[in-house]
Amino acid sequence: MQPVKLCAFLVTIDLLIKSEGWELTNISTPIIEFKNVGLSYGDDEVLKNIDLELEAGKFYTLLGPSGSGKTTILNLISGQLTVTHGDILFEGNIINDVPVEKRHMNTVFQDYGLFPNMTVFENVAFGPSIKGMSKKDIKTKVTEMLTLVKLNQYADREITELSGGQRQRVAIARALANDPEVLLLDEPLSALDYKLRKEMQYELREIQQRLGITFVFVTHDQEEALAMSDWIFVMNDGVIQQNGSPEDIYDEPINHFVADFIGESNILDGIMKTDYLVHFTGKDFENVDAGMRPNERVEIVLRPEDLDLTAIENGKLIVTIADQSFRGDYYEITAIDDDGNEWQVQATNKSKIDERVGLTFDPEDIHIMRFNESENDFDARLESYEGEEDAEK
Amino acid sequence: MFKKKKHSTHEEHISLIKLFGQADSVTKTSYLIMGSANFANKQFLKGLVFLILEISWLAWLFTVGLKAYHNMFTLGTHAQGLVYDKSLGISILQAGDNSMLLLLWGMLSVIITVLFIWLYRINLQSARHIWELKQEGVKLPTLREDLASLLDEKMHITLMAVPMTGVLFFTILPLIYMIAIAFTSYDHNHLPPKNLFEWVGLTNFGNVISGQMAHTFFPVLAWTLIWAVAATVSSFFFGVILAMMINAKGIKGKKFFRTIFILTMAIPAFISLLIMNNMFADGGLVNTLLINSGLTKTNLPFFTNPLFAKFTIIIVNLWIGIPATMLVTTGILQNQSEDQIEAAQIDGANKFQIFKSITFPQIVFVMAPSLIQQFIGNVNNFNVIYLLTGGGPANSNYYGAGSTDLLITWLYNLTLNTADYNLASVIGILIFILSAVFSLIAYKKVSNSGMEV
């Protein structure tokens with residue numbers, strides 16, 4: 001391409017971008033970025049060298065058990081805690097020392113954090129009125145927010161007259177009334193009952209998509225995380241164990257912790273004899289993983305729903321049914337193979353205790369986890385498989 | 001078994017008046033001769049008790065009762081005085097009627113008759129019960145069963161009998177007696193047994209509200225209300241501020257400060273007040289220190305100038321009032337969810353706005369019932385005034401009261417110093433009305449606000 005033509009091409013692109021109102025910065029700059037962030041209380045290292053990037057307009061979830069550091073990350077983002085080392089960036093600017101009220105963020109607390117001396121309306125109007133908004137604008141804003149959370153009929157109610165679910169909605173409306181660019185939610189649904197939680201999961205997702213702002217959601221409930229998120233960070237011991245889309249994390253857990261924490265798993269020790277051949281429970285099985293050292297010790301993950309019970313002659317393994325419990329849409333069966341390994345199986349049909357049956361699975365259901373594999377190596381390995389698949393096609 | 005159950009739930013009785021028209025002759029006789037229905041149905045002991053009660057009441061009525069009633073209306077006709085004794089040939093002092101005792105006996109007679117009417121109703125109810133059981137064809141309970149029920153389903157009657165009797169004679173009787181005095185001329189000119197006093201209707205109330213006593217009553221009432229509001233509000237306000245200061249982040253020795261202030265609660269209030277009384281007296285510690293240090297040349301009139309004395313009282317009362325508020329407020333502050341404060345901070349509220357809009361309203365809400373109590377308590381705060389100033393300095397415009405006297409201390413003076421029992425009683429009734437009306441309105445308002453924390 002000749003230089004002149006190249007220039008003309010670039011100018012055209014530039015014009016196109018400007019006329020469409022695209023902002024290149026939003027595409028390239030994450031709304032929130034952690035660079036090597038750590039937090040310690042004395043010798044107690046709560047967070048260890050966290051790096052993460054959040055894109056604007058997505059639903060992120062920090063998932064992990066109690067004490068994993070997920071709420072700490074949330075409090076660092078909101079400004080209630082300050083980093084021991086590292087930088088937190090908001091739209092490319094370091095905000096380590098920016099006070100909470102100037103961060104364009106708001107928080108929905110687990111215990112709602114509502115003011116019991118005010119009505120629903122006054123609660124939602126609190127932020128806007130502090131900011132000096134006119135009465136008319138406040139009314140419009142509050143009505144809009146209460147409509148969004150479907151509580152417009154409840155404006156004059158006292159907080160104490162509301163149910164837990166309704167209180168949580170008010171808390172969400174109050175946070176959103178401040179027009180945050182990032183909404184932080186600290187286990188907001190954990191105090192609600194199962195059915196209400198399901199309903200609120202759906203509604204939160206809907207609100208996030210309608211407003212198009214970034215949500216950072218903290219939970220210990222893996223089901224909740226899988227159902228709602230665009231992207232999940234799985235945390236343990238102050239370290240991000242794995243991050244990825246819900247599908248990635250469920251299908252390809254990076255290590256024992258993630259496999260165990262997300263969903264039900266059968267985790268066994270095994271040896272990767274060669275590419276595409278793995279050895280466990282004394283037998284060799286075909287699989288779809290490659291790129292490891294010959295005879296490398298690995299861990300095998302098999303999800304209960306990927307396993308099927310069949311006739312003995314069709315089984316890859318032979319197991320004895322030890323226990324079963326009815327779970328509504330399936331039977332959860334505990335079976336024991338001849339090596340004494342315990343297998344969790346989800347089966348549609350009822351079995352007989354002590355019956356010997358065959359256990360079968362497909363090669364692609366076998367997921368291999370290497371010991372101490374870093375997230376980057378893990379990602380690279382997964383990408384290499386995808387490359388191969390593309391090549392095959 | 002089912003029949004019995006049906007009967008026990010049988011709550012809607014026929015009225016006692018209708019019963020008279022419908023019932024059999026034995027039941028009707030019970031209206032005149034108590035216990036006859038019980039006798040006719042072989043409940044002899046029960047019937048006997050009713051009969052004896054009726055006879056004793058009638059006997060009492062005709063020997064003592066009627067006379068007592070008559071005396072209650074006249075409150076005595078013969079005053080104590082000298083009467084000429086023909087046999088001795090000189091005048092001798094003859095005891096007259098004692099109005100006070102006649103009034104008391106009269107009140108007692110009223111109570112006895114009320115009790116009798118109550119027993120008469122029980123007698124009729126018992127007759128009705130028998131009649132109803134017979135209509136349904138159920139076996140009548142024996143005396144043994146009746147007595148057993150007093151330890152079982154009617155246990156409340158057994159348990160309450162003694163306390164109720166005590167309340168009747170030691171609370172209700174004195175109360176009606178005191179109220180009755182407000183309508184008599186029982187004052188320093190009419191002291192029994194020397195003089196008789198009589199019923200005067202609402203004269204005393206008129207005297208207090210628009211008569212001679214109004215010149216004392218209204219200024220004292222005004223000061224009482226000013227004092228109660230000032231004492232309650234100042235203790236609350238400074239107590240809250242103190243609690244906030246001690247609770248603030250970065251204050252060291254929180255426990256030490258709390259303990260120090262609570263210590264003042266551990267010292268009986270009357271001791272503190274007596275010490276203060278000494279300290280602020282004309283030749284007292286404070287004045288001596290002030291003069292010795294050269295700040296003032298003469299004694300400050302802490303208790304001798306009316307206005308100065310009022311301020312002194314309110315300030316000294318803080319000493320006693322603040323720790324209590326501080327203690328409760330500390331509890332509220334420590335219970336307030338941290339989330340609320342954080343949420344408000346994130347919304348951009350500064351510390352003052354958080355206090356004004358969130359913390360303070362919640363403190364007021366929790367404290368409201370206790371503030372009402374404190375207010376009423378201060379209206380009737382006898383200790384502080386009596387021990388600190390004794391009502392002084394004297395005020396020649398007032399009758400029986402000093403410049404700092406509250407209604408309650410004035411009442412005390414009226415009974416113990418000037419012996420105007422009728423006025424004292426009027427004041428007591430007015431204080432009661434004031435406190436009751438205020439409490440009712442205030443509690444109603446508080447419970448209507450609907451917030452539970």
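Visitor: Is B:Leu75 buried or exposed?

Guide: Buried means under 20% relative accessible area, exposed over 50%, and partly exposed in between, with a 1.4 Å probe and protein chains only. B:Leu75 counts as buried because its relative accessibility is 0%. This is a predicted model, in which local features need pLDDT of at least 70 and side-chain atom pairs count only at pLDDT 80 or more, while totals for chains, interfaces and linings use all residues. Residues are numbered from 1 along each chain as its sequence is written, chains are lettered from A and ligands numbered from 1 in the order in which they are written, and side-chain values use heavy atoms, with hydrogens and water left out.

Visitor: Where is B:Leu75 found, and which residues is it in contact with?

Guide: B:Leu75 is in the loop between helix 5 (44–74) and strand 1 (81–85) of chain B; helices (H or I, at least four residues) and strands (E, at least two) are DSSP runs, numbered from the N terminus. Contact means heavy atoms within 4.5 Å. Leaving aside neighbours within four places in sequence, the contacts of B:Leu75 include B:Ser99, B:Leu102, B:Phe197 and B:Trp199. The C-alpha atoms of B:Leu75 and B:Met100 are 7.8 Å apart, although 25 residues separate them along the chain.

Visitor: How does B:Asn277 count by relative accessibility, and what does it touch?

Guide: B:Asn277, in helix 12 (residues 269–279) of chain B, counts as partly exposed because its relative accessibility is 25%. Not counting residues up to four places away in sequence, B:Asn277 touches B:Phe303, B:Leu387 and B:Leu388. A polar atom of the B:Asn277 side chain lies 3.4 Å from the backbone oxygen of B:Leu387.

Visitor: How many bridges join strand 1 to strand 2 of chain A?

Guide: Strand 1 (residues 32–41) of chain A is joined to strand 2 of chain A by 7 bridges. A:Leu39 stands opposite A:Leu47 in strand 2 of chain A.

Conventions. Pairing = 2+ DSSP bridges. Polar contact = N/O pair within 3.5 Å; in protein donor to acceptor, adjacent residues only side chain to side chain.
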